[in-house]
Amino acid sequence: MTKVYTIASGKGGTGKTMTTVNLGTSLAMLGKRTIVLDADIGMANLGLVLGLEKSKITLHEVLAGKADISQAVYELPTGLKVVPSGISLQGFQNADPDRLQFVMSKLVADADFILIDAPAGISKDGVIPLAIADEVLLVVNPELSSMADAVKTKVLTEMVGGAIGGIILNRASAEKTELTAQKIGDIMGVQVLEVIPEDPSVRRAAAFKTPVVVKYPDSSAAIAYRRLAGKIAGSKNVEMLQASGKREGFIDRLARSLFKGV
């Protein structure tokens with residue numbers, strides 16, 4: 001059964017795209033069929049950080065009705081499959097965000113996990129990814145402004161019928177990390193799934209357009225990303241999802257958003 005996670009944040013610059021890339025790569029390296037999709041059709045970054053910025057067919061063309069989703073899926077050497085969005089303004093203008101639900105319905109058959117890189121902030125384009133995912137994972141930095149904006153995203157997710165699966169505390173300093181994670185979890189009322197430490201290796205790997213879990217696998221950030229992937233793919237997480245089986249499944253939410261609106 002495919003699990004769909006939306007990776008979201010309340011503001012830009014939290015490391016949401018890097019989290020999507022490295023978590024997705026880690027899941028793929030665990031042997032899981034994993035697809036990452038850039039739903040930020042206006043300010044796309046996923047393709048840029050993976051060297052796919054020159055792709056002729058992207059999510060833009062699919063949402064414009066000019067290509068099939070199968071033509072916009074690119075497989076990397078790690079086994080990770082990527083659906084990038086284009087970077088041109090014309091492509092953005094031609095793309096119809098309402099077609100995203102149909103795109104997702106075609107992807108679920110070929111994946112164990114789908115990670116949606118959602119637009120930052122609160123916008124119309126960002127609502128659908130929050131509503132149709134099995135769980136929304138909030139990427140939060142250990143600072144007040146990031147937490148405040150993440151709370152707004154949490155409230156919006158709950159308003160549209162989505163579910164928050166947890167917090168990924170990103171760019172955490174080594175000092176009092178556990179205390180910071182505990183405080184953030186308590187304040188937001190959401191479990192912190194993993195703490196990704198501040199690590200210059202992430203930026204160095206990005207310069208090579210390569211995930212840090214591949215370029216610097218022994219770095220502290222890479223280890224944390226792999227640990228997070230293990231939690232998501234592991235039996236404990238599966239049991240947790242099964243325990244909440246009374247919630248609508250992905251296809252149910254997809255149909256609801258298609259025919260009733262989100």
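These legends walk you through close-up views of a predicted model. Residues are numbered from 1 along each chain as its sequence is written, and side-chain values use heavy atoms, with hydrogens and water left out. Because this is a predicted model, local features need pLDDT of at least 70 and side-chain atom pairs count only at pLDDT 80 or more, while totals for chains, interfaces and linings use all residues.

**View 1**
Start with the largest pocket, which has a volume of about 540 Å³. A pocket here is an open set of points on a 1 Å grid over the protein atoms alone, with protein on both sides within 12 Å along at least five of seven lines, and lining residues have an atom within 4 Å of a point. The volume is the space filled by probe spheres set on the points, which are joined across faces, edges and corners. Of the 28 lining residues, Gly13, Gly15, Lys16, Met18 and Arg171 lie nearest the centre. Helix H1 (16-29), strand E7 (164-172), strand E8 (192-197) and helix H9 (200-207) each bring at least two residues to this lining, and H9 gives the most, with 4 residues. Helices (H or I, at least four residues) and strands (E, at least two) are DSSP runs, numbered from the N terminus. The lining is made up of 11 nonpolar, 8 polar and 9 charged residues. In this scheme Ala, Val, Leu, Ile, Met, Phe, Trp, Tyr, Cys and Pro count as nonpolar, Asp, Glu, Lys and Arg as charged, and the others, Gly among them, as polar.

**View 2. The largest cavity.**
Next comes a cavity, a set of points where a 1.4 Å probe fits but cannot get out. The structure holds 2 cavities of 30 Å³ or more, and the largest has a volume of about 50 Å³. Its lining has 10 residues, with Gly121, Gly126, Leu130, Thr153 and Leu156 nearest the centre. Helix H6 (124-132) and H7 each give two or more residues, and the largest share, 3 residues, comes from H6. By class, the lining holds 6 nonpolar, 4 polar and no charged residues.

**View 3. Arginine 33 and aspartate 112.**
Here the side chains of arginine 33 and aspartate 112 meet in a salt bridge, at 3.2 Å from N to O. The term means a side-chain nitrogen of Lys or Arg within 4 Å of a carboxyl oxygen of Asp or Glu. Arginine 33 sits in the loop between H1 and strand E2 (34-38) and aspartate 112 in the loop between helix H5 (100-107) and strand E5 (113-117), so the pair ties together parts 79 residues apart in sequence. Arginine 33, at 43% relative accessibility, counts as partly exposed, and aspartate 112, at 22%, counts as partly exposed too. Buried means under 20% relative accessible area, exposed over 50%, and partly exposed in between (1.4 Å probe, protein chains only).

**View 4. The salt bridges of glutamate 194.**
Glutamate 194 forms a salt bridge with lysine 231, the closest N and O atoms being 2.9 Å apart. This pair links distant parts of the chain, with glutamate 194 in strand E8 and lysine 231 in helix H11 (residues 220-233), 37 residues apart. Glutamate 194 counts as buried, at 5% relative accessibility, whereas lysine 231 counts as partly exposed, at 40%. Look for Arg227 as well: Glu194, Arg227 and Lys231 are linked in a network of salt bridges.
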